[in-house]
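Let's take a quick tour of this one, from the whole chain down to the ligand site. Have the viewer ready.

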Amino acid sequence: MFNDPSSIEEAVNKLNKVSPSFCMAKWMNTTIHLHLGRTHSCHLPPTHKIPLKEVKKNVSALHNTQEKMKQRKMMLEGKRPKGCKSCWDIEDLPGTHYSDRHFHGQDCWTTPFYDKVANSQWDTPINPSYLELSFSAGCNFKCSYCSPTFSTSWQKEVEKFGGYPQSGAVKHHSPLWLKSQGLMPMKDEENPYIDAFWRWWPDLKKDLMFLRITGGEPLLSQDTFKTFDMINEEPMPDLEFSINSNLGIPQVHFDKFIHKTKGLLEKKKIRHFMLHTSVDTYGPQAEYIRNGLDFEQYQRYVERYLEEIPGGSLAFMCTFNALSIDEFKPLLEWIISLRRRFRQKGRDIYLDTPHLKYPDFMSVQILPESYRDKLQELIDWAKEREDPHYGIKAAEILKLKRILEWMKEVDQWDSSQLKQRDVSRKNFSLFFREHDKRRGTNFKKLFPALKKFY
Ligand code: SF4
């Protein structure tokens with residue numbers, strides 16, 4: 001979204017001058033899950049625990065943990081931190097391939113800080129310019145691919161009924177396993193990381209260019225609204241402020257969100273606002289995937305946001321999964337209609353379709369082969385509606401094509417990978433049968449084309 005492809009080579013050369021594994025994102029980008037006391041930079045490596053004793057000495061340890069500083073040291077010395085495997089895998093492919101490390105080298109939130117970082121010592125703390133933050137796991141949804149780690153509704157369910165039955169080594173929803181991994185959220189009122197964050201805020205805000213609040217459901221958290229108030233009191237005119245929301249919140253919260261966002265934009269207290277909202281297909285099928293969603297209310301809220309916040313952009317985040325394909329066309333039709341009604345200078349309506357990899361029982365790679373034809377048909381339909389402003393964008397069609405290619409990778413799999421797919425297929429059935437039993441839903445009625453598969 002923010003990259004300029006013409007300068008990528010320049011960015012690569014500049015990064016490689018420091019070292020062949022140097023990555024600006026390790027310094028300037030961070031995701032901090034305050035509700036878990038965990039962080040990572042960037043979002044690709046696994047998260048690690050933020051030791052409270054480090055935070056007590058220096059609140060910026062919410063980002064600058066000893067663990068992360070060791071990774072920075074390796075990068076300055078040209079060594080490769082293991083957690084960054086997804087970048088090394090791409091860079092090691094034959095030919096020229098660009099990894100996220102390369103792309104981040106030209107992002108607007110890294111370039112102003114290049115000299116500062118390149119000339120710093122590995123153990124010098126630094127404030128991020130791009131921060132993704134969760135205050136709380138408080139959430140009223142139980143999306144099928146989510147887990148108790150990010151949703152208190154999920155947490156309550158597994159504490160009452162236990163994890164879902166699964167075959168093989170999968171422990172995705174097991175409360176005991178999640179606890180042992182430090183992946184069960186803390187109670188908001190007992191969370192020392194939130195206090196530390198607010199102590200860090202006056203200093204942190206100085207270099208911040210992007211702030212994105214995620215969750216849980218951020219618009220159910222008092223701390224999200226406190227952030228709006230803090231920015232209102234001390235404006236950050238260079239900030240791009242974003243919120244991720246399921247838009248399934250009570251009206252009183254939605255009204256408050258609209259009111260506060262309008263205030264920040266009209267008085268130019270931030271540079272731009274972006275609402276990221278998740279939906280993975282259309283109508284009742286979307287409600288099935290994201291348990292708790294009321295699709296009609298969701299549409300009303302999206303349209304109200306676009307009407308009442310003319311300066312704010314919107315991004316649909318579609319985690320493209322095994323249940324997305326059947327009703328994806330109506331979703332695209334709705335997005336086209338929104339672009340025709342609401343697109344204007346200074347605001348856009350984006351669509352991102354990252355394909356779901358985990359939990360693997362919901363990935364499109366487990367689907368019967370007939371689904372490749374369905375996806376191809378969807379791509380052909382989208383191509384007929386290609387338009388950079390008021391239709392489907394070329395990059396969005398390309399993403400769908402990549403998903404199709406990824407589905408077809410199964411043809412190259414060896415017998416052990418195919419065996420693993422059989423386990424995933426079994427888990428698909430086990431999970432949704434239990435889902436229907438616990439939550440009173442009816443898979444076969446909503447996904448008749450997958451009845452036999454189920
Ligand atoms: S090297 Fe890749 S995975 Fe590691 S921080 Fe940079 S962009 Fe992220």
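What percentage of the 454 residues in the chain is buried? Buried residues account for 39% of the 454, where buried means that 20 or more other C-beta atoms, placed from the backbone, lie within 10 Å of the residue's own.

Before going on: this is a predicted model, so local features need pLDDT of at least 70, side-chain atom pairs count only at pLDDT 80 or more, and totals for chains, interfaces and linings use all residues. Residues are numbered from 1 along each chain as its sequence is written.

The chain has 19 helices and eleven strands; these are DSSP runs numbered from the N terminus, helices being H or I with at least four residues and strands E with at least two. Along the principal axes, the C-alpha atoms fill a box of roughly 60 × 50 × 50 Å.

An automatic or database domain assignment supplies the domain bounds:

| Domain | Residues |
|---|---|
| domain 1 | 5–131 |
| domain 2 | 142–182 + 212–450 |

The C-alpha centres of domain 1 and domain 2 are 27 Å apart.

Now the ligand. Of the 14 residues around the ligand, Cys23, Cys42, Cys84, Cys87 and Asp100 come nearest; a residue counts as near if its C-beta atom, placed from the backbone, lies within 6 Å. Helices α2 (25–28), α5 (85–91) and α6 (100–104) each give at least two residues to this shell, and α6 has the largest share, with three residues.

Conventions. A residue is buried if 20 or more other C-beta atoms lie within 10 Å of its own, exposed if 12 or fewer, and partly exposed in between; C-beta atoms are placed from the backbone.
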